[in-house]
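Trainee: I would like to learn how to read salt bridges and surface patches in a model. Could we work through one together?

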Amino acid sequence: MRAAAARRFFAGQGMLGVLVLLVALFSLLTIRDQHPTGEAAARALETKLAAVAAPGETILVVARGGPEDQRFASTLAARLRARGLTVAGPVAGEPPEIRAAVEQLALAPGARRWIATLESSRAVVESIRDAVPGLKDTTIAVPASRRWPTFLLRDNLRNVAGQIAVIAIVAVGMTLVIIAGGIDLSVGSLIALSAVVCAWLLKALGGVGAGAGAMCVAAAGAVVLCALSGAFSGAMVVRFRLPPFIATLAMMQVASGVAYIIARGRPIYDAPDAFTALGRGVDPLLGVPWAVWLMLLLYALGHVLMSRTALGRYVYAVGGNQEAARLAGVRTGGVLLLTYVVSGALAGLGGVVMASQLKSGAPTYGVMYELYVIAAVVVGGTSLSGGEGRVLGTLVGAFIIAVIQNGMNLTNVESYTQKVVLGLVILGAVLLDRIRRR
């Protein structure tokens, strides 16, 4: 009875429910006082000061020198001046600059003065104010805080999506391989190889001065090389009947070694600033990273391939019963080979995205990524026995892994414990797969 209930729960959209529960759990565990920054903080403090500051009273706008602090200071000063209030500054810089501005405030006329700043700068501003004669009664105004889960902050959610992009992209190809009854342990090393080759080609084609054409050539060269590596692994499995575990394990070592040889054991930099657009850039309309849009596009294409095309049905057939598929006229060897080519190509694309994120290529990239990718696929409901799974389920699995890791980081769980939890998650997913197949 309990096994039947478990099968019913985890069938279909069960893992999506698990993802929702994890989001709810880490949202509750990370409720904190959140202090606004940037333009949002300026708008909130403008309303507050407009209600309490009288005409003729001087308001000094100060903040530290970060980009968000600078936006806060300039926006608030402009908004307060537009309301007809007397504003000194804005000043966004280090403590000596803030102190100089506060000393000037002491010379300003009027019976009452204000210092407008952010919560992150409050302690520094208070110490400076108290050290300046005649300003101990000066009011320091900061934007009001609110209680909200750190996990659900927009920046954190964007980080979760951006951090999982590479793993999720590679997991699309791994899903096809596992559904077809194989496994690909080389994807982590192919990520490193792709990043190194891409960075090496960029350096050869102009380095920091490379143009858009050079960047496209470098990225395409890295992806093609990894696709050829996947084709070699697939050929070993199809033509010589090597176990997929052994064939891809060998390719993992070869790819890692070649990456070290090309890079000479050191990171390769010299990439142009524009190269980071794919990995770090966000679209101006929704603020979603371009790497996430690429990831979602690949999952949409993968879903259509596996659910709406004859090739997708062939992949399921080969994974379910290869001999039966062969007798039914399916070219099983070609189907298997294609899944490894796709897996290699997407690992190469993941390496390009990682090189863009880090603006470099190094042979140390992608370490242990094959395990994270396999974990995402298995947690998403794909059976390691082959013949069963969904591409969209893998996307859910990737986000489950990302949410668990991010949530544990936010709750200060040490990295060693995180490895234990991830291992238990993989084990639990495999056990659930066995329960479903009984």
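This is a predicted model: local features need pLDDT of at least 70, side-chain atom pairs count only at pLDDT 80 or more; totals for chains, interfaces and linings use all residues.

Trainee: How many salt bridges does a search of the whole structure find?

Mentor: Side chains of opposite charge can pair when their charged atoms come close. The criterion here is a side-chain nitrogen of Lys or Arg within 4 Å of a carboxyl oxygen of Asp or Glu. Searching the whole structure on that basis gives 13 salt bridges.

Trainee: Which residue forms a salt bridge with Glu46?

Mentor: Arg83 does, with the closest N and O atoms 2.7 Å apart. The pair links distant parts of the chain, 37 residues apart: Glu46 lies in helix α3 (residues 38-52), and Arg83 in the loop between α4 (67-82) and β3 (86-92). Helices (H or I, at least four residues) and strands (E, at least two) are DSSP runs, numbered from the N terminus.

Trainee: Is Glu46 buried or exposed?

Mentor: Buried means under 20% relative accessible area, exposed over 50%, and partly exposed in between (1.4 Å probe, protein chains only). Glu46 has a relative accessible area of 8%, so Glu46 is buried. Arg83 is partly exposed, because its value is 47%.

Trainee: Where are Asp33 and Arg147 found?

Mentor: Asp33 is in strand β1 (residues 31-34) and Arg147 in strand β6 (residues 146-149), 114 residues apart. Their side chains meet in a salt bridge at 3.5 Å, N to O. Asp33 counts as partly exposed because its relative accessibility is 43%, whereas Arg147, at 54%, is exposed.

Trainee: Which residues form the nonpolar patch on the surface?

Mentor: Patches are made of residues with over 30% relative accessible area and no salt bridge; like charges are joined within 9 Å, nonpolar side chains (Val, Leu, Ile, Met, Phe, Trp, Tyr) within 5 Å. Here the members are Leu285, Leu286, Trp290, Trp293 and Leu296, with about 550 Å² of accessible area together. Areas come from the Shrake-Rupley method with a 1.4 Å probe, and for residues only the protein chains shown count as cover.

Trainee: What is the relative accessible area of Trp293?

Mentor: The value is 35%, so Trp293 is partly exposed. Trp293 belongs to helix α12 (residues 290-308).

Note on methods: Residues are numbered from 1 along each chain as its sequence is written. Side-chain values use heavy atoms; hydrogens and water are left out.
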